[in-house]
Amino acid sequence: MAIHHYNPEWGAQRPIRGILFDMDGLVLDSESLYTRFWREAAAALGYTMTVEQSLGMRSLGKKLGQPYLESLFGPTVDYTTLRNKRIERMDAYVAEYGIAPKPGIFELLDYMDAHNIPGAITSSSPMEFIEKHLADANLLHRFRKLCSGHSIPNGKPAPDIYLLGAAELGLKPE
């Protein structure tokens with residue numbers, strides 16, 4: 001039995017042929033960790049970052065992260081230094097406590113398996129991070145493809161990672 005999705009623009013139902021997942025905040029409960037550790041890293045370097053500002057850092061690589069941080073803290077802020085401090089602190093926390101899966105992810109993946117709907121991770125994270133943290137959460141084997149934003153020319157919010165994920169599943173993006 002094919003599972004269908006209705007979109008008013010199509011005027012009809014179409015079968016779901018695959019699902020693309022962002023990892024952080026959707027599969028793994030890591031968004032709160034990023035928020036926490038961007039703020040802690042900023043504080044360690046003498047900056048005050050609000051929760052809203054830290055949320056603005058989601059999925060931004062250096063190309064977009066540096067101008068964003070400059071808009072917050074001025075031209076002397078260095079994205080790489082701040083990011084490295086965030087990574088250092090977050091990695092230490094994750095090494096001790098791990099990253100929990102989001103509630104409901106196992107049930108959703110079971111449903112997809114039962115209906116032969118393939119899934120791909122489409123994350124801005126490096127591949128080593130994707131593989132390690134999905135494995136630690138017993139989720140690595142649940143996705144047919146893993147796509148890292150480090151293997152594409154343009155990170156989010158550009159659609160490149162999603163186009164790659166669709167291609168990896170053998171699907172047209174539309």
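**Charges and the overall picture**

How far apart are the mean positions of the positive and negative charges of the chain? They sit 3 Å apart, with 18 positive and 21 negative charges going into the count. For this tally, Lys and Arg are positive and Asp and Glu negative, while His and the chain ends are not counted. Each charge is placed at NZ of Lys, CZ of Arg, CG of Asp or CD of Glu.

A word on what you're looking at: this is a predicted model, in which local features need pLDDT of at least 70, side-chain atom pairs count only at pLDDT 80 or more, and totals for chains, interfaces and linings use all residues. Residues are numbered from 1 along each chain as its sequence is written, and side-chain values use heavy atoms, with hydrogens and water left out.

**Layout of the chain**

There are 7 helices and 5 strands here, and reading along the sequence gives β-β-β-α-α-α-α-α-β-α-β-α. Both kinds of element are DSSP runs numbered from the N terminus: helices are H or I with at least four residues, strands are E with at least two. The C-alpha trace spans about 55 × 35 × 25 Å along its principal axes.

Of the 174 residues, 36% count as buried. Buried means under 20% relative accessible area, exposed means over 50%, and partly exposed is in between (1.4 Å probe, protein chains only). The accessible surface comes to about 9800 Å², and carbon and sulfur atoms own 53% of that; the areas come from the Shrake-Rupley method with a 1.4 Å probe, and for residues only the protein chains shown count as cover. As for contacts (heavy atoms within 4.5 Å), take those between residues at least 6 apart in sequence: 63% of them join residues at least 24 apart.

Helix 6 covers residues 127-136, and its buried residues are Phe129, Ile130, His133 and Leu134. Looking down the helix axis, these buried residues fall within an arc of 110°, so they line one face of the helix. That arc is taken from the directions from the helix axis to the C-beta atoms. The general rule behind this is that an α-helix has 3.6 residues a turn, so residues three or four places apart point the same way.

Ser123 lies in strand 4 and, at 1% relative accessibility, counts as buried. A polar atom of the Ser123 side chain is 3.0 Å from the backbone nitrogen of Ser125. Setting aside residues up to four places away in sequence, Ser123 touches a list of residues including Asp22, Asp24, Ile130, Cys147, Lys156 and Ile161.

Ile161 also turns up in helix 7 (residues 160-168), where Asp160, Ile161, Gly165 and Ala166 are buried. Which strands do the buried residues of helix 7 pack against? They pack against strand 3 (19-21), strand 4 and strand 5. After helix 7 comes Gly170, with a positive phi near 75°.

**Loops worth a look**

Most residues other than glycine have a negative phi. Asn116 is found in the loop between helix 5 (105-114) and strand 4, and counts as exposed at 56% relative accessibility.

Ile117 is in the loop between helix 5 and strand 4 too. Is Ile117 buried or exposed? Ile117 is buried, with a relative accessible area of 5%. The C-alpha atoms of Ile117 and Arg17 are separated by 6.0 Å, though the two residues are 100 residues apart along the chain.

Over in the loop between helix 1 and helix 2 lies Tyr47. Tyr47 and Phe73 are 26 residues apart in sequence and 7.2 Å apart in space, C-alpha to C-alpha. Leaving aside neighbours within four places in sequence, Tyr47 is in contact with Ala42, Phe73, Thr76 and Val77. Gly56 has its place in the loop between helix 2 (51-55) and helix 3 (62-73), and counts as partly exposed at 28% relative accessibility.

Technical notes. Polar contact = N/O pair within 3.5 Å; in protein donor to acceptor, adjacent residues only side chain to side chain.
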